[in-house]
Amino acid sequence: MSQPVVLIAEELSPATVDALGPDFDVRSVDGTDRDALLAALGDASAVLVRSATKVDAEAIAAAPNLKVIARAGVGLDNVDIKAATAAGVMVVNAPTSNIISAAELTVGHILSLARHIPAAHNALSQGKWKRSAYTGVELYEKTVGIIGLGRIGALITARLQAFGTNVVAYDPYVTSARAQQLGVQLLSLDELLAQSDFITIHMPKTPETTGMIGSEQLALMKSTAFVVNVARGGLIDEAALHDALVAKTIAGAGLDVFVSEPPTDSPLLALENVVVTPHLGASTDEAQEKAGVSVAKSVRLALGGELVPDAVNVAGGVIDPYVRPGIPLVEKLGQVFSGLTHSPLTSVDVEVHGDLSEYDVSVFRLAALKGIFSNVVSESVSYVNAPLLAEQRGIEVRLIVDATSEEYRNVITLRGALSDGSQISVSGTLTGTKQIEKIVEINGYDVEVPIAEHHIVMLYRDRPGIVAVYGQRFGRADINIAGMQIARREAGGEALSVLTVDSRVSDDLLEEISREIEASVIRSIDVTG
């Protein structure tokens with residue numbers, strides 16, 4: 001019997017091939033040579049790439065035996081995940097391979113800014129002995145603000161505390177207990193910006209976080225403060241940052257990532273109070289080796305039919321065909337659930353009601369957590385690190401299975417407790433022969449809304465004219481309402497309105513509508529496939 005073909009399309013460490021073991025026919029191809037790649041994919045069961053090889057719909061179509069695409073790194077911009085999923089091809093990456101490298105680079109930027117290391121080097125290399133021009137500051141007893149206290153943020157915390165710094169953090173999804181465990185004080189974003197001498201940002205890039213550090217936020221910082229971004233380009237408004245640096249509103253910035261890369265036309269590169277690196281967060285020998293070994297192990301699992309820890313699109317392993325359609329539903333319910341939270345989550349129950357109770361649905365617990373964390377942490381979320389993210393935040397997670405489902409054949413409910421003592425819930429099901437994904441309950445209100453990319457959820461006192469008010473406001477903002485459902489328990493009581501809209505609604509517009517209709521809850525929720 002012939003061995004499965006594993007195609008290595010870019011240079012990977014020898015340890016990667018060693019981790020694959022002797023059970024595969026390992027072949028190599030230059031992934032940047034398009035014709036050679038397409039020809040080599042013909043009988044490949046797996047392909048391993050880094051960032052240069054484009055695995056798009058055409059490449060996937062050329063690989064009828066392909067079962068897994070493995071990206072030896074974090075980003076997946078060069079892999080068409082939708083096309084892979086449609087073809088039943090698993091996509092895996094190495095989401096934790098670079099966390100130490102990224103944390104260390106962050107500390108390197110902070111030290112470079114504090115002691116003017118790059119500028120001093122450039123001056124001396126040109127024969128200029130300018131000691132007084134490069135007087136710096138110590139990190140000792142300075143306040144470092146970390147925006148996003150995930151795994152990288154925690155690593156940075158431990159390293160900077162060794163310098164005798166005071167570490168504060170902003171992260172709306174981290175409990176005070178977790179922060180206390182790390183020796184970190186939680187602050188609001190404005191408080192962190194005003195108090196910190198050094199600020200480093202480690203958030204995921206979402207519509208909500210893009211440009212989250214703009215002119216208004218930079219104005220809150222000390223004139224002696226520095227800001228660092230090695231996470232994602234665009235988290236800091238580059239135009240606003242340039243203005244602040246030129247005006248000396250802040251002292252300096254360290255940047256490893258940019259909105260457009262390479263940033264050849266960026267005016268930031270010409271400023272003396274900026275330290276820049278060309279996206280080196282994962283560029284260490286150790287990170288590259290970890291990435292290769294990690295995805296090699298995932299390929300072994302995938303081709304062996306086992307659960308794959310770092311699957312990006314689907315869970316591997318023996319999952320009953322009756323269970324499998326529920327995985328993307330539960331992940332999307334997790335995104336809706338996290339969008340409804342207003343304080344840190346302390347516990348979550350994944351409840352499975354109906355015929356599904358007769359099957360192994362443990363993968364739903366993983367899918368729920370993956371959805372919950374997908375837009376709230378900086379690192380990539382997979383089936384293996386989602387439980388770890390919950391554990392790090394002190395979130396208790398239970399899977400509850402019950403054969404009773406009164407209205408639908410199957411209903412899956414995510415029910416959680418928040419740190420302020422409140423509870424939230426969202427339920428969903430699959431309906432009809434096309435297995436349409438629907439939300440059927442939010443916080444005890446019965447609805448039936450097909451899951452779409454953009455939703456608005458509002459809770460307000462039920463009274464005449466409210467729909468006209470927000471309908472008119474959305475219309476003036478050119479926001480098209482594609483669907484709407486209102487639920488209530490009694491006339492004149494609280495009403496829950498769930499809208500499906502064609503485009504994302506700005507926070508400013510939501511705040512205006514909230515004031516006009518006196519909403520107790522108003523949320524914009526984006527759901528990715």
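Q: How many cavities of 30 Å³ or more does the structure hold, and what makes a space a cavity?
A: There are 2 cavities of 30 Å³ or more. On a 1 Å grid over the protein atoms alone, a cavity is a set of points where a 1.4 Å probe fits but cannot get out. This is a predicted model, in which local features need pLDDT of at least 70 and side-chain atom pairs count only at pLDDT 80 or more, while totals for chains, interfaces and linings use all residues. Residues are numbered from 1 along each chain as its sequence is written, and side-chain values use heavy atoms, with hydrogens and water left out.

Q: What is the volume of the largest cavity, and which residues line it?
A: Its volume is about 80 Å³, where a volume is the space filled by probe spheres set on the grid points, which are joined across faces, edges and corners. Tyr173, Phe337, Ser338, Thr341, Ser343, Leu345, Ile372, Phe373, Val376 and Ile395 form the lining, because lining residues have an atom within 4 Å of a point. Two or more of the lining residues come from each of α13 (326-340) and α14 (362-373); such helices (H or I, at least four residues) and strands (E, at least two) are DSSP runs, numbered from the N terminus.

Q: How do you know how the lining of the largest cavity divides by class?
A: Ala, Val, Leu, Ile, Met, Phe, Trp, Tyr, Cys and Pro count as nonpolar, Asp, Glu, Lys and Arg as charged, and the others, Gly among them, as polar. The lining of the largest cavity therefore has 7 nonpolar, 3 polar and no charged residues.

Q: Which classes are found in the lining of the second largest cavity?
A: That lining has 5 nonpolar, 3 polar and 1 charged residue. Among its residues are Gly233, Gly234 and Glu238, and the cavity holds about 50 Å³ of space.

Q: What makes α13 parallel or oblique to α14?
A: The axes of α13 and α14 come within 7 Å and cross at roughly 40°. That makes α13 oblique to α14, because angles under 35 degrees count as roughly parallel, over 145 as roughly antiparallel, 65 to 115 as roughly perpendicular and the rest as oblique. Axes are lines fitted to C-alpha atoms, for helices over the stretch in contact, and angles run from 0 to 180 degrees between N-to-C directions.

Q: At what angle do the axes of helix α16 and helix α17 cross?
A: Helix α16 (residues 466-476) and helix α17 (residues 507-517) have axes that come within 10 Å and cross at roughly 160°. The two helices are therefore roughly antiparallel to each other. Their crossing is right-handed.

Q: What makes an open space a pocket, and how much space lies in the second largest pocket?
A: A pocket is an open set of points with protein on both sides within 12 Å along at least five of seven lines. The second largest pocket holds about 410 Å³ of space. Of its 17 lining residues, Pro118, Ala119, Glu272, Asn273 and Val274 are the closest to its centre. α5 (99-115), α6 (117-125) and β12 (274-276) each give at least two residues to this lining.

Q: Is the peptide bond from glutamate 261 to proline 262 cis or trans?
A: This bond is cis, with omega near -5°. Proline 262 lies in the loop between β11 (252-255) and β12.

Definitions and conventions: Left-handed = near helix turned anticlockwise from the far one by under 90°.
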